[in-house]
Amino acid sequence: MAKAIDSWGSRTGLILAMAGNAVGLGNFLRFPVQAVQNGGGAFIIPYLVCFFLMGIPLLFVEWSIGRFGGKSGNHSTPYILDSMSSKPIWKYIGVFGIFTNIAVVAYYTYIESWTFMYVIHTVIGSFTDLTKEQINDFFLLYVNLEGSDFGIPLLPLWIYLLVLGINVYILSTGLGGIEKVAKIGMPLLIAFGAILAFKGWTMGSNYASDAFPDANAWDGINFLWTPQYGSLLDPKVWMAAAGQIFFTLSVGMGSIQCYASYLKANEDIALNSVTAGFTNEFVEVVLGSAIVIPIAAGFLGLDWVLENAGFGMAFQTMPYLFQQWGELFGVLAGLCWFGLLFFAGITSSLAMGTPWMGFMQDEFGWSKVKGALSFGIMVMIMGIPTVLFYKYGYFDEFDYWAGTVSLVVFALLETILFVWVFGMDKGWKELTTGADIKIPTVYKFIMKFITPALLLIVFVGALFTPENNDWSTALQNLFSGNSWNLDPSSIISKLSHENLDIELQAHPENLEKIEKIKLFSNTARIQLVLLFLTIIGFVYVSHRKRLKK
């Protein structure tokens, strides 16, 4: 079996790379929206509780699993997990750690390409003098391949391939290249975020207008940071907070284990994992909460934000708001915002390439260049349909099944392996070996019982999400002997396209479009299943090779 020669150049580089893996687009695009949709201050307390009871333990688990597997020369989740149990099934469960990364980066890189193009549009002044509605349409025309493309046919596809190529090139340089990007990208990201956050915190009501006379940035800040203790009894908020942990820490993917597998046997993982986790939290909670919502509230008012908060605000609203600061600072703000998003995206997508490369290097002796190119080809095959058929839900299917469901399933299974199969005592010894901090022993109990229970609740909750995501009413109905009505967003309902059937009942005139969405959704699912089976095939072949040796 080929011996890995890659290693981290410095502890700083490792921590920044790990933080870069965690600090992604979700910190700035998803977290503020989740906070708004779940009551602002009502969301923060459950979110922080989930961070300490589920996020930190998962970081401990994944860093420990990764370093342990690396001692045996394994740098991908199939054989990292296989090294922890004599049961052969675990190597195939480890397939999630390669599958998820390839499937997620396939569409994640498309978002990166948006940020790349929006930097260019900001510099050349494409948004100057456009109305809010025109900037909103600008984004829709771009992703639907209907305009905003300099007249170049399929420009979004070519930009997607360009950004993917940048990722592949950096990956081909190994951990050294990833470390360099992290050392440059992470400080720039924080600097860009600090500039925008400072502006958001100092706007006040200075930008109120006749159309929005009550606009005040402090309304947005107060909404996010005023605790509402009643949320502690709302299951919906807890589910949303727990779900955000997966997105924000990049746990349940396999990239953390891969990064940690290149550590030395006695190198600290306790302090490193906590440092990377808290760096991510700082960026998300301090910077992420101080940009989109306060700035939007400062121009458009809190009521507008509460009604319109969504993922698209980053591209459909923020460019318009930046223009209101004047031509010069508007360009600077746009560069900071989309540059920040680009660095957040690329430091995460680079991490997603390492599990496949580690696997191919370990099991088949492939070079870094060959591994990076093969990763790029697989991502391209998976990702091109997410670009071409974005408006038919191809992108959304990848995001839901690979970027949401798969994370929870894998995190639950690897936690069970670590604390119950490998054993909590052995796991605790692995975690604390070489540790530069003393971990409170209460985490031994939390990791063994609380974290798996929370993960199981999150998975079951996603499987049986109640109608309108109203957990309180659903539980009351259940205890009263009434039926449990599923929401169209639940996994069970998603499988049967119930959400599309409901939309068709409401808008029968959209029959043709909805039928197309169903067709492309099913095609996306088939593609994901084929990817998973393909990786299983590679693992099986590698297993046979190992047996022969």
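Let me begin with a crossing of two helices: helix 10 passes helix 14 in a right-handed manner. Please bear in mind that this is a predicted model.

Which residues make this contact? From helix 10 they are Ala217, Gly220, Ile221 and Leu224, and from helix 14 they are Ile293, Pro294, Ala297 and Gly298.

As for the geometry, helix 10 spans residues 217–225 and helix 14 spans residues 292–300; their axes lie 6 Å apart, and the packing angle is about 140°. Helix 10 is therefore oblique to helix 14.

I turn now to a second pair. Helix 11, residues 235–249, packs against helix 22, residues 442–463, at an angle of about 110°, with 10 Å between the axes. That angle makes helix 11 roughly perpendicular to helix 22. Here Met239, Ala242 and Phe246 of helix 11 meet Leu455, Ile457, Val458, Gly461 and Ala462 of helix 22. The contact of helix 11 with helix 22 comprises seven nonpolar residues, one polar residue and no charged residue.

Finally, the core. The largest nonpolar core holds 178 residues, and within this core Phe28 and Trp337 touch the most other members. What does phenylalanine 28 touch, leaving aside residues up to four places away in sequence? Its contacts include Val23, Leu189, Val283, Leu287 and Gly288. Also among them are Ile291, Val292, Leu340, Leu341 and Ala344, as well as Trp337.

Key: Residues numbered from 1 in each chain as written. Predicted model: local features only at pLDDT ≥ 70, side-chain atom pairs only at ≥ 80, totals over all residues. Heavy atoms only, no water. Axes fitted to C-alpha atoms, helices over the stretch in contact; angles between N-to-C directions. Helix = DSSP H or I, 4+ residues; strand = E, 2+ residues; numbered from the N terminus. Parallel < 35°, antiparallel > 145°, perpendicular 65-115°, else oblique. Left-handed = near helix turned anticlockwise from the far one by under 90°. Contact = heavy atoms within 4.5 Å. Core = buried A, V, L, I, M, F, W, Y, C linked by side-chain atoms within 4.5 Å. Buried < 20%, exposed > 50% of the residue type's maximum accessible area, 1.4 Å probe, protein only. Nonpolar A, V, L, I, M, F, W, Y, C, P; charged D, E, K, R; others polar.
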